[in-house]
Amino acid sequence: MGKRHNWSFPYFIFMILFVVLPLLLVAVYAFQDSNGRFTFANIIRFFSDSDSLSTFALSIEVAIENTVLCILLGYPAAWILANKKYNRSSVTIILFILPMWINALMRTLATAELFNMLGFQLGKGTLIYGMVYDYLPFMIYPIYTILQKMDKSYAEAAQDLGANPVQVFWKVTFPLSMPGVTSGILMVFMPTVSTFAISEFLTNNKIKLFGTIIQENINSSMWNYGAALAFVMLLIIGATTLLRGNDGEEAGSSLI
């Protein structure tokens with residue numbers, strides 16, 4: 001154990017047991033029938049099932065709306081937090097962290113009860129509100145981290161060349177903050193598509209998202225079709241992660 005790389009073995013074992021193995025089980029169940037025989041029927045069923053496809057389309061729609069709102073609200077908040085001219089105290093940052101100290105399910109239940117007390121009808125509007133409330137911090141902090149670590153000399157150089165504050169933001173600050181934006185999108189978009197508790201409590205199960213039909217199939221002991229749906233989600237997550245990695249490389253090359 002004297003060599004430094006030997007200390008990575010516990011993490012490697014943990015990753016194998018709790019990350020790789022569960023994902024492999026999902027893939028195995030996705031391509032099996034109830035008798036354990038190899039089949040593509042589960043994947044074909046998803047693409048031929050109008051209910052599953054419509055639920056998936058609705059989930060993508062809600063995820064896009066939630067992600068856009070989180071960007072519109074989160075970017076200005078992250079910019080203010082990272083700008084010492086407007087934020088001189090770490091207390092403001094803690095105030096944004098505080099909601100994350102409370103369990104997400106408890107926050108969702110409290111939000112649903114608040115709407116019931118105010119007499120609001122639960123539906124898509126309350127669902128979007130709950131989504132933004134729960135996932136907004138996951139958009140703010142990646143952007144805030146990038147903005148805080150950004151080399152201020154780029155903005156100063158742009159100002160020296162005659163750029164006004166608006167031009168400095170759009171030509172320098174915003175492009176350099178894109179890795180944080182893409183990270184925030186990844187952390188908001190995919191959980192929104194796969195969630196089920198928020199839609200269940202904030203719509204009284206009137207609106208079902210993709211995570212809901214996965215949960216229903218698993219609870220009904222339809223493991224193979226549920227695994228196939230989860231496998232489709234896994235492929236989408238992998239594709240978006242690759243896109244995010246390419247964006248990060250392009251951002252890095254632009255700095256060079």
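**Ground rules**

I am working with a predicted model, where local features need pLDDT of at least 70, side-chain atom pairs count only at pLDDT 80 or more, and totals for chains, interfaces and linings use all residues. I count residues from 1 along each chain as its sequence is written, and side-chain values use heavy atoms, with hydrogens and water left out.

**Whole chain**

I looked up the secondary structure and got 12 helices and zero strands for the protein chain. Here helices (H or I, at least four residues) and strands (E, at least two) are DSSP runs, numbered from the N terminus. For the extent, I noted that the C-alpha atoms fill a box of roughly 70 × 60 × 40 Å along the principal axes.

Next I checked burial. Of the 256 residues in the protein chain, 36% are buried. The cut-offs I use are under 20% relative accessible area for buried, over 50% for exposed, and partly exposed in between (1.4 Å probe, protein chains only).

I also looked at contacts, meaning heavy atoms within 4.5 Å. Among contacts with a separation of 6 or more, 72% join residues 24 or more positions apart.

**α3 against α6**

How do helix α3 and helix α6 pack? I noted residues 50-82 for α3 and residues 124-149 for α6, with an angle of about 40 degrees and axes 6 Å apart. The axes are lines fitted to C-alpha atoms, for helices over the stretch in contact, and angles run from 0 to 180 degrees between N-to-C directions.

α3 and α6 are therefore oblique to each other. On this scale, angles under 35 degrees are roughly parallel, over 145 roughly antiparallel, 65 to 115 roughly perpendicular, and the rest oblique. I put the crossing of α3 and α6 down as right-handed. A crossing is right-handed if the near helix is turned clockwise from the far one by less than a right angle, and left-handed if anticlockwise.

I then sorted the residues of the α3 and α6 contact into 22 nonpolar, four polar and three charged. Ala, Val, Leu, Ile, Met, Phe, Trp, Tyr, Cys and Pro count as nonpolar, Asp, Glu, Lys and Arg as charged, and the others, Gly among them, as polar.

**One residue from each**

I picked Thr 67, which lies in helix α3. Thr 67 is buried, at a relative accessible area of 5%. Leaving out residues up to four places away in sequence, Thr 67 touches Met 139, Ile 185, Val 188 and Phe 189.

From α6 I picked Leu 127. Is Leu 127 buried or exposed? Its relative accessible area is 0%, so Leu 127 is buried.

**α9**

Helix α9 covers residues 178-194, and its 17 residues reach 24 Å from first C-alpha to last. That is close to the expected 24 Å, the expected span being 1.5 Å times one less than the number of residues. Val 188 and Phe 189, both in my list for Thr 67, are among the buried residues of α9.

**Around α11**

Asn 204 is not a glycine, yet its phi is positive, about 55 degrees. Phi of Asn 205 is also positive, near 65 degrees. Asn 204 is exposed at 53% relative accessible area, while Asn 205 counts as partly exposed at 32%.

In helix α11 (residues 210-219), the buried residues include Phe 210, Ile 213 and Ile 214. After α11 comes Ser 221, with a positive phi near 65 degrees.

**Last stop, α12**

Ala 230 sits in helix α12, residues 223-255. I have Ala 230 as partly exposed, at 23%. Apart from neighbours within four places in sequence, Ala 230 is in contact with Val 26 and Ile 214, and Ile 214 is one of the buried residues of α11.
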